[in-house]
Amino acid sequence: SALTALVTCGSAIAISNFKRSPYGPEGVRNLIGDFAPTFAIAIGCFFGAWLAGNYGFTFDALSLPASLAPSIARPWVTDIMSVPNWVKLAALAPAPACAILLYMDQNITTRLVNASKGLKKPGAYHLDMFWLSLITAVTSICGLPWICASTVHSLTHVKSLTDVKQDPATGREEVTGVTETRWTPLVLNLLIGASIIFLKDILGQIPMCVLSGIFFYLGLAAMRGNEFLERVGMTLITDPAKMPASSPLTKSVSLPTLKKFTIMQIACLAVMWWIKGSPAAMLFPILIAALGPVRIVAGKAGWFTQEELNALDEQVETDPGYVYQAA
């Protein structure tokens, strides 16, 4: 299973990188690179079938329900009033944490997507939250899982619509424009729903290890160009002269400041990771909401100047109450 997942992930990476190669027309390269996950799934399935036919390996396949219906015998709309009163009162405790989680997840993802270079249309933050609240209410009444912003999927979708070119001086990719359209997410989700209904027999033959390889590739693709991961690598540098010239941070902040800010972020990540896997996991949404105040306190305490925070934290708006200046 692990070998099949690695073959799938490696195939997706190789096919995706084909668009950056000098071979063939640019339009053909981009078309092949954009459908890298599809080609990789096919390669992974053929490789898994070859292992099963020649060496007798067996793989767990994707499991799909037999029909489009609730997982248990019940009507689509749940009878909320039949729930005992003590359950209704007990639900008041986790409700604020769930609301914070949905709010933060939606807004963080929307902010990341709208912060992408090349976008021209403004972000509809309030409209997104309005529809999310309505959909959450409907899914709650029907007893269905809540939706989430799907950060990795959203960022990957924007990247698939982005045109880039490589800077010959730094070797970094520069965004030249983004094809902004509402048709791709609409058609994408319609096709997902149709595939579950009409392609159930085909999807049920895809090994789970192949899907694991694709998910691993999507995670790696989303990390490409991630500034936090770049700074984590820079924390191992001891000589400021060895800082990568391609990084814009080398000209805006000093190496000790970069290390201090990155270590603070790693500490916050470690605390949230520990809380998420502990019995106190219900507090996880509150910790996400507390990241903003942590940044404010770091500035108020004089650990960083406002200019350093802006350079390290995506050029956020300056806090009007912030008065600390470097000596």
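Student: How many helices and strands are there in the protein chain?

Tutor: The protein chain has 14 helices and 2 strands. Keep in mind that this is a predicted model.

Student: What box do the C-alpha atoms of the protein chain fill?

Tutor: Taken along the principal axes, the box is roughly 70 × 65 × 40 Å.

Student: What share of the residues of the protein chain count as buried?

Tutor: The share is 25% of the 327 residues. The label buried needs a relative accessible area under 20%. The accessible surface of the protein chain is about 21600 Å². Carbon and sulfur atoms hold 69% of that surface.

Student: What part of the contacts with a separation of 6 or more comes from residues 24 or more positions apart?

Tutor: Such residues account for 60% of those contacts in the protein chain. A contact here means heavy atoms within 4.5 Å.

Student: Now the charges. How many salt bridges does a search of the whole structure find?

Tutor: The search finds 1 salt bridge.

Student: Why is the pair of Asp 34 and Lys 19 called a salt bridge?

Tutor: The closest N and O atoms of Asp 34 and Lys 19 are 2.8 Å apart. The cut-off is 4 Å, from a side-chain nitrogen of Lys or Arg to a carboxyl oxygen of Asp or Glu. The pair is within it, so the name salt bridge applies.

Student: What parts does the pair tie together?

Tutor: Asp 34 lies in helix H2, residues 26-34. Lys 19 lies in the loop between helix H1 (2-17) and H2. The pair therefore links parts that are 15 residues apart in sequence.

Student: Why do Asp 34 and Lys 19 count as partly exposed?

Tutor: Asp 34 has 41% relative accessibility, and Lys 19 has 24%. Buried means under 20%, and exposed means over 50%. Both values fall in between, so both residues are partly exposed.

Student: What makes Gln 205 exposed?

Tutor: Its relative accessible area is 62%. Gln 205 is found in the loop between helix H9 (200-203) and helix H10 (208-223). The C-alpha atoms of Gln 205 and Asp 60 are separated by 9.0 Å, although the two are 145 residues apart along the chain.

Student: Where does Cys 45 lie, and what does Cys 45 contact beyond its neighbours within four places in sequence?

Tutor: Cys 45 lies in helix H3. Beyond those neighbours, Cys 45 is in contact with Ile 206, Pro 207 and Val 210. Cys 45 has a relative accessible area of 24%, so it is partly exposed. Cys 45 and Leu 64 are 19 residues apart in sequence and 17 Å apart in space, C-alpha to C-alpha.

Student: Which residues does Phe 39 touch, not counting those up to four places away in sequence?

Tutor: Phe 39 touches Ile 15 and Ile 32. Phe 39 lies in helix H3, residues 36-55. At 40% relative accessibility, Phe 39 is partly exposed.

Student: What volume does the second largest pocket have?

Tutor: The volume is about 310 Å³. The pocket is lined by 15 residues. The closest to its centre are Pro 65, Ser 67, Leu 68, Ala 69 and Pro 70.

Student: Which classes make up the lining of the second largest pocket?

Tutor: The lining has 10 nonpolar, 3 polar and 2 charged residues. Pro, Leu and Ala count as nonpolar.

Definitions and conventions: Residues numbered from 1 in each chain as written. Predicted model: local features only at pLDDT ≥ 70, side-chain atom pairs only at ≥ 80, totals over all residues. Heavy atoms only, no water. 1 Å grid on protein atoms, 1.4 Å probe; cavity = no way out; pocket = protein on both sides within 12 Å on 5 of 7 lines; lining within 4 Å. Points joined across faces, edges and corners; volume = space filled by probe spheres on them. Helix = DSSP H or I, 4+ residues; strand = E, 2+ residues; numbered from the N terminus. Buried < 20%, exposed > 50% of the residue type's maximum accessible area, 1.4 Å probe, protein only. Areas by Shrake-Rupley, 256 points an atom, 1.4 Å probe, with all protein chains shown as cover.
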